[in-house]
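Open the model in your viewer and keep the selection tool at hand. This tour goes stop by stop.

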Amino acid sequence: MSDIKVKITDREGVLHEVDAPTDMNMNLMEVVRSYELAPEGTIGICGGMAMCASCQCYVKSEHALPEKSDDEEAMLSEAFFVEDNSRLGCQIHMTPELDGLEVELAPEEA
């Protein structure tokens, strides 16, 4: 199986259940962009380099995720609307273990 189901609540509060490929080395930010779940230019501004927090999301499910890198920790320490379950979508790579992942996009920074 190369696709997993991911539930993404967009910034308008609408829930989307999408198929995410696990065989293309995609991350959550790229999945959100491919399904156009956030307006162009409002997510993944740095291109997935953990240099902005435009792809910040709240992980709602209990999936085991990789530890945050120093770069991710540093970006989240400067971001707005950070919660205990905040992660950068660009740092969450789609793997079979993440089937059923549930996330909510953080509000856009002002």
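Two strands pair if DSSP finds at least two bridges between them. Strands (E, at least two residues) and helices (H or I, at least four) are DSSP runs, numbered from the N terminus. This is a predicted model: local features need pLDDT of at least 70, side-chain atom pairs count only at pLDDT 80 or more, and totals for chains, interfaces and linings use all residues. Residues are numbered from 1 along each chain as its sequence is written, and side-chain values use heavy atoms, with hydrogens and water left out.

**Stop one: the hairpin.** Select residues 3-9 and 15-21. These are β1 and β2, antiparallel strands joined by seven bridges. Pick V6: its bridge partner in β2 is V18. Now go to the turn. Five residues sit between the strands of this hairpin, and G13 has a positive phi near 90°.

**Stop two: the loop between α1 and β3.** Most residues other than glycine have a negative phi. Select E36, in the loop between α1 (28-34) and β3 (56-59). E36 is not a glycine, yet its phi is positive, about 55°. Next, select A50 in the loop between α1 and β3. A50 also has a positive phi, near 60°, without being a glycine.

E36 is exposed, at 69%.

Select E67, which lies between β3 and α2 (70-78). E67 is exposed, with 75% relative accessibility.

Technical notes
Buried < 20%, exposed > 50% of the residue type's maximum accessible area, 1.4 Å probe, protein only.
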